[in-house]
Each structure stands twice: as C-alpha cells, then as structure tokens.
Amino acid sequence: MIGRILLYLFLAAGMAATAFPFLWMITTAFKTLPEALSPALNLLPAQWQWHNFVETFQAAPFGRYFFNSFMVGSAVTAAVIVSSLMAGYAFARLDFRGRSLLFGIVLATMMVPFEATLIPNFALIRRLGWYNTYPALIVPWCANAFSIFLMRQAFMGLPADYFDAAKVDGCGHLRFLFRVAAPLVKPALVTVGLFAFLGSYNSLIWPLVVTSEDTMRVVQVGLTVFSGAEGVRLHLLMCASTIVILPTVALYFAAQKNFLESALGSGIKG
Amino acid sequence: MLRRCMWVVVCCFLASCGGRGPGGDPPASQTPAFKPIDASAAVFWDRQTTETGALIRTLVDEFNAKRPHALPVKIEHTGGYSDIFRKVSASIQAGALPAMAVAYQSMTAEYAQAGAVADLDPFIRNAESGLGPEDLDDFYPVVIETNRYPGFGGKMLSFPFCKSVLMLYFNKKVLSHAGFDAPPATWDDFLVQCRQIKEKTGKPAYAVSVDCSTIVGMIFSLGGEVCDGKQTLFDSPEAIRAFGIIETLAKEKLGYPITPGSYDDETALAQGSVAFCIRSSSGRTNVAMLMQGAQDQWGMVRIPQGDPAHPRTVLFGPNICIFNTSPEQQQAAWDFVKFFTSREIGVRWALGTGYLPIRKSAADDPGLKKFWEAWPYNRAAFDCLPFAKSEPNLTGWQEVRALVEKAETEILAGLKSGQDAAIELKRKADAVLAGQ
C-alpha cells in the first residue's frame, strides 16, 4: 500500500514537472510584461489581462497564418504517408538489386543537417520559380528517411505468409499494400502522419526563407514578430504560443493510442 | 552500367557544387548583376517588429506616396539578423536578391565578397539624387566612416540605418541604498560601487550580457583599440585591463552572466535585483516599459571610462546595403535610404524607437529638444555620438566576435584568467583574420 502511494506521489510529481511549463505559458498569456518577466514562479497573474489576446491578433494576421499552417501541414502529411508507405513496403518486401545499398543511402540522408541543405534547396526553389508559393513550403518535405525507416520496420513485422496467401488469391503488390498491409500497420502510419504534421507545423527557418508575403507565411513565423532587437514581448509571445499549440495538443490526444502502440511496437523511446 | 551511372551522378553533383553566383565565379573586376527578387517593387529585408515595425512600415508608405509613379519600396520582415544573413546568402547562390537589406558591417563584408553589394559612392555623388557637401557634413563622421570597407578599397558599401551606442543603465534605488547618488564615471569607481552594493545587498551588482560589443566598448573606453590592420590588439594593456575587470567581477562575485540571447539583465535591473546593466542605447524603450513609467527610478549614462576627460564608447546598430540588382531597383533603394536618413525622418525614427538620429542638425529639432527636456537621460546617448567608434568592418570579424564572447564566458566561468584569455584570444583572432 505504501509502495503504491509512493508510486503515485512520484508519478504526480512527474506530471506536475511536465505540466508546469504549459500552465506557466497559459497563465503568462494573461500577465503584464513586467509580471511575465518576473523571476518569481507566480503562476497566476495579479490581474487577468484579457486584452493581450486582442493585441496578439492585432500584431500579425494569425488567421491567415493558421490557414497556411493547416494547408501545408495537411499536404505534407498526406504526401509523407503515401511516400513512406510505398518506399517502406518496397524496402521491406520487394526483392531488387541494390536494395540494401539504396536503403543505406536513404538512411544516410538523416545524417545531413538541415543547415547544409538549406542553401541548395533554396537555390532550387528560386530556379523553379516557386519562391513565395505553397509548393515551396510543401514539396521539399514530401518524403523523409525516418518515416520510410519506420514504415519499413512495420512492414518487416508482417508475416510473409500474408502476402503469399494474398498472391494465391490474385493480389498484386499494390493491392496487397493498400488493402491488406496498410490497415495492419495503422499505428505506425498514424505515427508517421503525426510526426509529419508536427514537423511541418513547427518549422520556422524554411518557411521564413522561402516566403516573404504575409499571405504565404505560417504560424511559427508569426511568433517571431514578438521578438525584436531590443527585447521580447514575452506576455504576447506566450499568448500566441498558447493559441498556436492548441491544434498540436488536440492532434496528439486524438492519435495518442496509435502513437503509443507504434512506439511500443518499434522500440522507439521518448 | 551501374558504375557508369554512378559516375554520371557524381560528375553532375560536382558540377552543381561549383557555381558561386550567376554565371559562376566572376572575374575580379567584374561585378555580377543579380535578378531582383520581385521586379514590381524594391524589396527591403528588415528585422523590425512590434512598434518599430509599424513605424517603419508607415515611413515606407509615406515614401511611396511621395513618388507614385516610381518603383515602390516593399518592406518584408525577414526574422532576426542571422535569419536575414542566411536568406541573403542563399539568395546570392540562387542569383536573385532584394533591392536592399539591413546588415551589420561583418555581414556586408561577406556579401561583398560574393560581388553582391553595390558601391554607394556613385549614388552619393550623383548630381540629381545624391548628397551635397552640406548634407554629408551633417552626418556624424563615425556613422559614415564605419560604412567604408578597407578590405574593398575603402568603398562605401552600406549606409547608416539604426545607430546606437553602448550605455550604462543603472537602478537609482539600489545605488542610493548602497550610499551612492550617482553612477560611476570610471571603471575603478564601477568596481568600488559594485563591491559596496554587494556588501549592502549580498547580491551581485551587475548582470552581464556576454557580448563582443561590450568588450570592444570597454577597450575603447580604456583608451585602447581592437585592431591595427589585420592584427588584433587583444594583448594590449587596455584589452588586458578590460578582461581583468571581467575577471574581478567574476572572482568577487560582483557580476553574473545572464542567459545568452535573453534580456534578463534589463529585467533584473527593472526589478532592483542588480544596480547595473550595460546595453545598447536602443534598449531604452524596453527598460522604460519594464520600469512601468517610473522614470525617477533609473537612468542611463555613458559607460565608465579610463579617463573621463577623453570619453569613448562603441557605436553599433545595423546599416542598409543595396544589392547589385537592376539600376531601377538600386535607384529606388537609394532614394529610400536618402529619405530615411533625412533630418526629419531621422528624428521621427529616433523618437519612436530609441535609436539615435545620425545627423548633427537633429539637435536643433524642436521635437527632439522637447524629448530631451522631458527626462535628463534622454539626451545621454546622443551626446556620446561625437566620441563613439564602431567595431572593425573586416571580413572575418563575425568569427572574431564569437571568439571574444567565448573568452569572456571562460573568464566569467572562472576557467581562465583575464590575461590568459586575452592572449589566447589574440592568437586565435589573428589566425582568423589572416585566413581571410
């Protein structure tokens, strides 16, 4: 009994440590600037500054930024799901010459830092005439090595007999992939989608570099308007962050079950 | 077959890596012209946000309204200085640039190496749209000189934009609690006051923002220089003295470093946790906001000096550089630069932002006079302009800045003495500059 109480106390402390920064962010959104910058860990504001939300939305067109973030995030997620599903299946189930070498090359791209590809990617976008367009925000992120790796591992876990049985029934690779295999690796697929959406939704440097108009910018770029050369409007930044974080939290809760299943199945640890 | 295909891929990759700008490496005498990033407007990549962002957008609108038939200027917020540097560097590779961008001298020097920056001397000398001798004399010499680049034949490759000087901010309440009625005039006084404050409050007196400009300002204020040609002078007695002050602050726990990149020093000052912070004069508006209008509680003065009779401080703040795009884009950019640095606009900018007016005649402006009379410290930064000096505008200085900050951090962490750090810094910084 005592052991159980201690366990719950330990878990409660862990939960409080995890939740505190989020609570601080939300309550700071309602503080004045000096209160927000105070080193004291006062969670609640002396007076709730509701007008901070008005000021935040006046500082930048966040409505448009949200639309762009969702638009880009959804397109990237759909593309990553399709590309990793097909590439992962090919690497797991198709027998072709140079498969291991090609898979090694795909994995090696994970070692190339974003900074190293920024300039060549931007130069390519300019030459394609995609500067300040949705394709510039979407196309470079339509496939990635980690998602392919995750899907390959998921397909490797399927017994080969499933495909053999489907083949006897006249099923080709594509039909087997979309009708049989994809539903069986749903947790991994949801995880890939979740990572793709969050990666796109949270990206800052790339959208900042390839866009210039407010009509094409995304929420993370919007957050930079509160950091000036002479200081940070922390209360407004937290206000904007509170709003910006809501969709990602909602998405995580919606996909939580599948995400945990996939993490447990693939051996990924947080 | 596979091997042949791989060779083709490798050759294509190497060929694609070779390009430097449009048309590859330009001959030394030839300057490549870059495509405008937007042919319908002279795009200006800037970093101003919040109120200052709103003000500069207003000024751009006013400028465009004055010349309805000419190419308009379009301002685009492009993140912080490092983001702008990244975006310009990438755009140079892509062969398309905005008409102008905000840039520190070290950034301009990097762009100039790629042949991307326009020489402004022909624009300045232009009989129709240039600046006359009276106009040129009206600028403080230091703000003009800092935009001439010795590494590029002394050409004027940028024009002053947002200028500020290093200042000492102090909390009056903390000072008076320790028995002082005025901030320190010399570095010796500064240490004395820090010790006394530490004794009275039990807390460090100075929140240190680790920054190369502060170290350079300290060296200048002690009568030293930081460079002689491509040789740094970090082993000079003045530089060693500056690093020695940092060592004393660390050893006696009179100062502590704040989180890098934060403004915790200004917050600590406003909350009365420390007596001093040393920052750009442009931070005035932020400190005023943090002090919630309590102007009698704080002040800002020039940084402590080695010899107060011969004061010096460091000038900083970005400039504008105009890129080698089309003549029409360049002319629109130059017209905007000229408009922005006119006396009237310079005063409006200074009153709205905390940056300094860069023309001497601004001192006669009634609006500015009224502002100075409103609070005695409002004028302090402007009075520093005649003796302010900028950091070197050498290629490679950006890397040297990082080394200076590393040395300062090592001293503050107690890893090195001031003298050891200074000598090692000199060796490393000289190697960086020699490699350019």
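## Exercises on a predicted two-chain model

Chain B is assigned two domains: domain 1 covers 32-163 + 316-379, and domain 2 covers 165-315 + 391-434. The model is predicted, and each exercise below is followed by its solution.

### Exercise 1. Domains of chain B

Find how far apart the centres of domain 1 and domain 2 of chain B lie, and describe the side of domain 1 that touches domain 2.

Solution. 

- Step 1. Taken over C-alpha atoms, the centres of domain 1 and domain 2 of chain B are separated by 29 Å.
- Step 2. In the contact, domain 1 of chain B takes part with 19 residues and domain 2 of chain B with 19 residues.
- Step 3. On the domain 1 side, the most residues come from helix α4 (residues 105-113) of chain B, which gives 5.
- Step 4. Sorted by class, that side of domain 1 of chain B has 9 nonpolar, 8 polar and 2 charged residues.

### Exercise 2. Overall form of chain B

Count the helices and strands of chain B, then compare the radius of gyration of chain B with the globule rule.

Solution. 

- Step 1. Chain B contains 19 helices and 18 strands.
- Step 2. For 436 residues the globule rule gives 22 Å, and the radius of gyration of chain B is 23 Å, which is close to that value; chain B is therefore as compact as a globular protein of that length.
- Step 3. The extents of the C-alpha trace of chain B along its principal axes are about 75 × 60 × 35 Å.

### Exercise 3. A helix pair in chain B

Determine how α11(B) and α19(B) are oriented to each other, and list the residues through which they meet.

Solution. 

- Step 1. Two packed helices are described by the angle between their axes and the distance between the axes.
- Step 2. Helix α11 (residues 237-251) of chain B and helix α19 (residues 418-434) of chain B have axes that come within 8 Å and cross at roughly 135 degrees.
- Step 3. Angles over 145 degrees count as roughly antiparallel, and 65 to 115 as roughly perpendicular. The pair α11(B) and α19(B) is therefore oblique.
- Step 4. The crossing of α11(B) with α19(B) is right-handed.
- Step 5. From α11(B) come Ala239(B), Ile240(B), Phe243(B), Gly244(B), Ile246(B) and Glu247(B), and these meet Gly418(B), Gln419(B), Ala421(B) and Ala422(B) of α19(B).
- Step 6. The classes in this contact are 6 nonpolar, 3 polar and 1 charged.

### Exercise 4. A helix pair in chain A

Solution. 

- Step 1. The axes of helix α8 (residues 145-156) of chain A and helix α11 (residues 186-202) of chain A come within 10 Å, crossing at roughly 175 degrees.
- Step 2. On α8(A) the contact uses Ser147(A), Leu150(A), Met151(A) and Ala154(A); on α11(A) it uses Ala188(A), Thr191(A), Val192(A), Phe195(A) and Ala196(A).
- Step 3. These residues divide into 7 nonpolar, 2 polar and no charged.

### Exercise 5. Domains of chain A

State the domain bounds of chain A and characterise the contact between the domains.

Solution. 

- Step 1. Domain 1 of chain A is 1-49, and domain 2 is 61-266.
- Step 2. Their C-alpha centres are 32 Å apart.
- Step 3. Domain 1 of chain A has 9 residues in contact with 7 residues of domain 2 of chain A.
- Step 4. On the domain 1 side, α1 (2-28) and α2 of chain A are the elements that give two or more residues.
- Step 5. That side comprises 6 nonpolar, 2 polar and 1 charged residues.

Technical notes
Residues numbered from 1 in each chain as written. Chains lettered and ligands numbered in written order. Predicted model: local features only at pLDDT ≥ 70, side-chain atom pairs only at ≥ 80, totals over all residues. Axes fitted to C-alpha atoms, helices over the stretch in contact; angles between N-to-C directions. Helix = DSSP H or I, 4+ residues; strand = E, 2+ residues; numbered from the N terminus. Parallel < 35°, antiparallel > 145°, perpendicular 65-115°, else oblique. Left-handed = near helix turned anticlockwise from the far one by under 90°. Contact = placed C-beta atoms within 7 Å. Nonpolar A, V, L, I, M, F, W, Y, C, P; charged D, E, K, R; others polar. Domains from an automatic or database assignment. Rg over C-alpha atoms; globule rule 2.2 N^0.38 Å.
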